[in-house]
Amino acid sequence: MPTPSLAALPIRRLTPRDLTACADLSEDRGWPREEHKWQFLLTAGKGYGIDDPVGGLVSACVVTDYGPRARPDLGAIGMLLVAERHARQGVGRRLMRHVVSMMATTPLTLHATPNGQALYEELGFKVTGRAEMLRGHFRTDAAGPSVATRAATAEDLSAIVRLDEEVFGTDRTHIITRLPAFTDRLRVAEENGRLIGYAGAWPNMDTQVVGPLVARDTETAKALIASLATHTDRPLRTDIDVRHEELLSWAKEHGLASVAFNSVMTYGISELPGDWTRRFAPVTVAAG
């Protein structure tokens with residue numbers, strides 16, 4: 001029986017049952033398995049993939065919708081992967097074209113590595129920003145943060161949802177309500193009883209990823225990062241919008257080092273909605 005051509009293999013929706021196959025695909029390309037992140041994305045978003053007739057996946061990616069379910073305001077594309085044995089044969093381009101078509105008129109965003117940027121530009125995505133990945137063991141200040149933070153409680157969720165929608169520019173309730181289970185730590189900053197910021201830290205292989213990070217100002221963002229760092233011995237990792245120069249400099253002074261840069265790209269809109277001055281880091285770049 002001849003092996004079907006890659007162009008003839010159907011694209012299907014992935015489900016949480018495909019978690020192991022997605023993690024295997026990550027490992028095949030030399031990425032960490034990231035099963036915790038894959039599980040989050042496959043439940044909060046929509047996965048698309050192509051099955052390999054000999055087993056496993058040829059390719060996969062995930063789209064996370066934001067806003068009304070029937071007519072999303074924004075879709076974030078992430079985790080586009082093609083198995084090494086099928087690389088450079090147009091599979092990623094085919095899967096991306098399918099996803100863009102499925103999203104119809106919904107504006108899209110993604111974080112692109114230097115290797116993937118050319119493909120996305122070919123498909124009509126434009127670079128609208130940059131994010132810098134930092135990693136390292138955080139060194140605390142003797143003086144401590146200038147803004148008080150505390151552990152988030154169930155009673156804080158509605159206020160977090162409201163603040164997040166105001167900053168992100170669209171509703172992300174389905175993401176926020178998953179954070180207590182997804183993160184190891186979820187903390188908030190308050191002023192006079194009003195929520196002015198929140199941040200989470202979640203496990204990813206040998207690191208703790210700081211994200212999301214939403215804050216009224218840089219001092220609040222610093223306090224949230226510092227408070228999360230005190231609860232782990234692992235290196236921190238985060239992806240910060242490069243326009244937040246003061247926070248980036250502060251983080252590097254406290255032990256985090258630059259690892260890489262990603263291009264923030266959009267399709268169908270000239271820039272992301274919301275207030276970037278209060279949006280410091282995403283939950284994960286794979287979810288925008």
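This is a predicted model: local features need pLDDT of at least 70, side-chain atom pairs count only at pLDDT 80 or more; totals for chains, interfaces and linings use all residues.
Where does Arg-88 sit? Find the loop between strand E4 (74–82) and helix H3 (91–102). Now the backbone. Phi of Arg-88 is near 60°. That value is positive, and Arg-88 is not a glycine.

Next, Ala-104. Look in the loop between H3 and strand E5 (108–112). Is Ala-104 buried or exposed? Its relative accessibility is 53%, and exposed means over 50%, so Ala-104 counts as exposed.

On to the helices. Helix H1 covers residues 19–28, and helix H2 covers residues 35–44. They pack at an angle of about 130°, and their axes are 10 Å apart. Because of that angle, H1 is oblique to H2. The crossing of H1 past H2 is right-handed.

Which residues make the contact? From H1, take Leu-19, Cys-22, Ala-23 and Ser-26. From H2, take Glu-35, Trp-38, Gln-39 and Leu-42. Sort the contact of H1 with H2 by class, and you get 5 nonpolar, 2 polar and 1 charged residues.

Last stop: a peptide bond. Go to strand E10, residues 207–215, and pick out Pro-212. The bond from Gly-211 to Pro-212 is cis. Its omega is near 0°.

Notes:
Residues are numbered from 1 along each chain as its sequence is written. Side-chain values use heavy atoms; hydrogens and water are left out. Axes are lines fitted to C-alpha atoms, for helices over the stretch in contact, and angles run from 0 to 180 degrees between N-to-C directions. Helices (H or I, at least four residues) and strands (E, at least two) are DSSP runs, numbered from the N terminus. Angles under 35 degrees count as roughly parallel, over 145 as roughly antiparallel, 65 to 115 as roughly perpendicular and the rest as oblique. A crossing is left-handed if the near helix is turned anticlockwise from the far one by less than a right angle, and right-handed if clockwise. Contact means heavy atoms within 4.5 Å. Ala, Val, Leu, Ile, Met, Phe, Trp, Tyr, Cys and Pro count as nonpolar, Asp, Glu, Lys and Arg as charged, and the others, Gly among them, as polar. Buried means under 20% relative accessible area, exposed over 50%, partly exposed in between (1.4 Å probe, protein chains only).
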